[in-house]
Amino acid sequence: MPSSAILQAAKQRLEAAAAAEAAEAAAAAAAQQQEAAASFVEHYKAAVADSNDKWALEPAVADLFAEDAALVTADGQTFSGRPAVLKRLNHGVQQLATALGGAAKGLKIEGGELEQAAGGGGASVTFRFKQGVQRMSLHIAISFAGGHISKLQYSRG
């Protein structure tokens, strides 16, 4: 076998190994993002069900967020940095409880299933809240950077 053929075969093996390594890293990152999004959703549902306006300060929630995370509310307000985002998440649960009569008693939470964003760069979830005649839906788009939640974008339906 000529030396150029040996070099070409070695180059192809190295490229294939690099591609496999990159695919494995991408799959691991996607799994980590999915796990973080699922954890956020479960903690959020529990906080709303319990009217827990301190939920986001729990380490299991706070650690999901990047230091420079951002939250954009349905009315266009932006909160930047992990402390501001966590404070706003707590305030949001408090506002929701107030809007739905001040307590979670009788509150029905529907939805909450994660959907992967196109291209695998994030996730989204839609909740529908019902209490008596009160109805509200909330859509949350979740973006990631470096394995942490980097942005939450809220919209109401």
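**Exercise 1.** Is S51 buried, partly exposed or exposed?

*Solution.* The structure is a predicted model. Step one is to take the relative accessible area of S51, which is 26%. Step two is to apply the cut-offs: buried means under 20% and exposed means over 50%. S51 is therefore partly exposed.

**Exercise 2.** Determine where S51 lies and what its backbone shows.

*Solution.* Begin with the place: S51 belongs to the loop between helix 1 (3-50) and helix 2 (59-62). Then turn to the backbone: the phi of S51 is positive, about 50°, although S51 is not a glycine.

**Exercise 3.** Describe the secondary structure of the protein chain and its overall spread.

*Solution.* First, list the elements: the protein chain has 3 helices and 7 strands. Along the sequence, their order is α-α-β-β-α-β-β-β-β-β. Next, consider the spread: the radius of gyration is 21 Å, well over the 15 Å that the globule rule gives for 157 residues, so the protein chain is more spread out than a compact globule. Finally, the box filled by the C-alpha atoms, taken along the principal axes, is roughly 80 × 30 × 25 Å.

**Exercise 4.** State how far apart the mean positions of the positive and negative charges are.

*Solution.* The protein chain carries 14 positive and 15 negative charges. Their mean positions are 9 Å apart.

How values were computed
Residues are numbered from 1 along each chain as its sequence is written. This is a predicted model: local features need pLDDT of at least 70, side-chain atom pairs count only at pLDDT 80 or more; totals for chains, interfaces and linings use all residues. Side-chain values use heavy atoms; hydrogens and water are left out. Helices (H or I, at least four residues) and strands (E, at least two) are DSSP runs, numbered from the N terminus. Buried means under 20% relative accessible area, exposed over 50%, partly exposed in between (1.4 Å probe, protein chains only). The radius of gyration is taken over C-alpha atoms; the globule rule is 2.2 Å times the number of residues to the power 0.38. Lys and Arg count as positive and Asp and Glu as negative; His and the chain ends are not counted. The place of a charge is taken as NZ of Lys, CZ of Arg, CG of Asp or CD of Glu.
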